[in-house]
Protein chains: 2
Amino acid sequence: MASDLRYSEEPVRPPGPRQLLVQVLYLSVDPGLRGWLNPARTYIAPVEVGDVMRAIGVGKVVEANGHNRFSPGDYVMGMLGTQEVCTTDGEDLVRVDPALAPLPTYLGTLGLPGLTAYVAVSDLGRPAQGETFVVSAGAGAVGSVAGQLARLRDCRVVGIVGGYEKCRYVTEELRFDAAIDYKSEEVSRGLRRECPDGVNVYLDNVGGEILDAVLERLARGARVVISGAVSQYNVTGPWRGPSNYMSLLVNRASMVGFVVWDHLDRYESFVAEMAALIRNGSVRSREQIVDGLAELPNAVATLFAGDNLGKLVLRIAGDE
Amino acid sequence: MASDLRYSEEPVRPPGPRQLLVQVLYLSVDPGLRGWLNPARTYIAPVEVGDVMRAIGVGKVVEANGHNRFSPGDYVMGMLGTQEVCTTDGEDLVRVDPALAPLPTYLGTLGLPGLTAYVAVSDLGRPAQGETFVVSAGAGAVGSVAGQLARLRDCRVVGIVGGYEKCRYVTEELRFDAAIDYKSEEVSRGLRRECPDGVNVYLDNVGGEILDAVLERLARGARVVISGAVSQYNVTGPWRGPSNYMSLLVNRASMVGFVVWDHLDRYESFVAEMAALIRNGSVRSREQIVDGLAELPNAVATLFAGDNLGKLVLRIAGDE
């Protein structure tokens, strides 16, 4: 991806009336960064050659020009782009509170990954007490929160992760019931061992073989929630569809997709609830901070190799 | 399939206490007949070599031996098997009324295909007024009923069918709004033309390429209902999964599978409602009758070639 990006210096675009000038402080390193470069329109238009690369970030409002929601000094989260300063009408930005949690947390557990996990568990998957909840990329920004939320609902929580260190992280630090290391064993085999009664709810971020393995192991009435397909973002040509989709029929199961941006109206109540869970120790959060905009391509490569532990965040500037 | 079946004459197994002896009158020629021969367990155990081939039929109770639900002379529908006389405990049989409709209709519009369509439309797909409802195998036993039920909900109804004759049948006789002939054009192209606002509800019986084409054309919030995958029943090796399943995410859509046997408790109220719709001309029904058990393999081949028009039924015996 490094060769697809070009760093350039340009004058700051002055904000018009009711536009904001935001100093970018942290940027989220997301699988979406790769997906947004694909030319097909998905839930959002692709980034065009010459555009500023899209990215979610946290920043501080420097100028507000009579904006109806934000004033200078406010902290905001949203699509700020991979740049040091962002000029925006602020429509999709939400306010964040640095007194409640460190700013990078608003790109992970208290940010869109956390909201994704929250919607997937509370609204769509709704795992009940005693049910088995499985999440792929279980140590990732979405999976780590989803697993912990399912644990709070007294589910059996199984994370599919890559590598011993992540197995240890999700079972010991995040208190999942079990982990399956897809790098060291067949996922099907791990699922047979760890999900003896089948899978009631599955949150999938990865697609591909792992999705097929879980479909094969669904319990009656299972709910599969699709929030991404990281394994396919670098595929050119047709994607690999789930061969075992007829398991939906056999098991009277459902598969549902969603996009977190549709749920921004719940952000405020989500943050209040999640911040309380972090404060009382029910949910643990971890970020891995990398310094400087120039590190973006390397950070994306790290993410796709699965070499990070915790939410990958790029620090663009210190907060004075 | 002919070479997989052997015709043999065996003495009738005498019914035990509270068992029924049923004379088989009509048998349903189903895609399931092929699926049930595959060795993998799906929603029902596969038919083993040496077993009587499974089939749904309508018959007349000859002996009842103190059965708690049925008496001699009753007409019944259920898994009677490809045989002239069936000995059964009658657990999964339902009563049918020859005064309400001709017996073969109980294998089509008033039978499990009709109930499948009814559950798919009323419970799972729930197309609303003005929405676009698409059904594959639109001239088939399930599709023809589903399309007519969607039409009664004031939907735009589009049937995907094979051949000009079926296009004519669904648009003129069944009053669908449009038909797409997958034998004469790309389904994607037909969908673009006939579903300008996208597909809100899709009932899929066929899987494969057609499912992928419809997924590509989903409207926001679409519901995909899976009741079969006829295109894959003869595939050896892994099935073709829907490459475009991420359209579920992009369009905040869902895909749900179901098995009609779970809904037998609604059979009685379904029959009352559907028989009334047939009587007042709102729903039209057609059966194609073939004579004799020996015709079963040919009839299944006709079905998979898509050469039948209307529900294919095998007549085993006349009703005195």
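Residues are numbered from 1 along each chain as its sequence is written, while chains are lettered from A and ligands numbered from 1 in the order in which they are written. Because the model is predicted, local features need pLDDT of at least 70 and side-chain atom pairs count only at pLDDT 80 or more, whereas totals for chains, interfaces and linings use all residues.

In chain B, 24 residues are in contact with 25 residues of chain A (C-beta atoms, placed from the backbone, within 7 Å). Two or more residues of this side of chain B come from each of α7 (247-250) and β11 (254-257) (helices are DSSP runs of H or I with at least four residues, strands are runs of E with at least two, numbered from the N terminus). The largest share, four residues, belongs to β11(B). Strand β11 (residues 254-257) of chain A pairs with β11(B) in the antiparallel sense over three bridges (pairing requires at least two DSSP bridges between the strands), and Ser254(A) stands opposite Val256(B).

Chain B superposes on chain A by a rotation of 180° with 0.0 Å of shift along the axis, at an RMSD of 0.0 Å (least squares on C-alpha atoms of residues with pLDDT of at least 70 in both copies). That is the relation of a two-fold axis. The copies meet through the same surface, because 100% of the interface residues of chain B are also interface residues in chain A.

Within chain A, the domain assignment gives domain 1 (2-108 + 286-315) and domain 2 (112-260), with bounds from an automatic or database assignment. Their centres, taken over C-alpha atoms, are separated by 28 Å, and nine residues of domain 1 are in contact with 14 residues of domain 2.

Turning to chain B, six of the six residues of strand β7 (residues 156-161) are buried, so β7(B) is largely enclosed by the rest of the structure (buried: 20 or more other C-beta atoms, placed from the backbone, within 10 Å of the residue's own). Arg156(B), Val158(B) and Ile160(B) point one way, and Val157(B), Gly159(B) and Val161(B) the other. Strand β6 (residues 132-136) of chain B runs parallel to β7(B), joined by five bridges, with Val134(B) opposite Val158(B). Strand β8 (residues 178-181) of chain B also pairs with β7(B) in the parallel sense, over four bridges, and here Ile160(B) stands opposite Ile180(B).

Methods
Two residues are in contact if their C-beta atoms, placed from the backbone, lie within 7 Å. A residue is buried if 20 or more other C-beta atoms lie within 10 Å of its own, exposed if 12 or fewer, and partly exposed in between; C-beta atoms are placed from the backbone.
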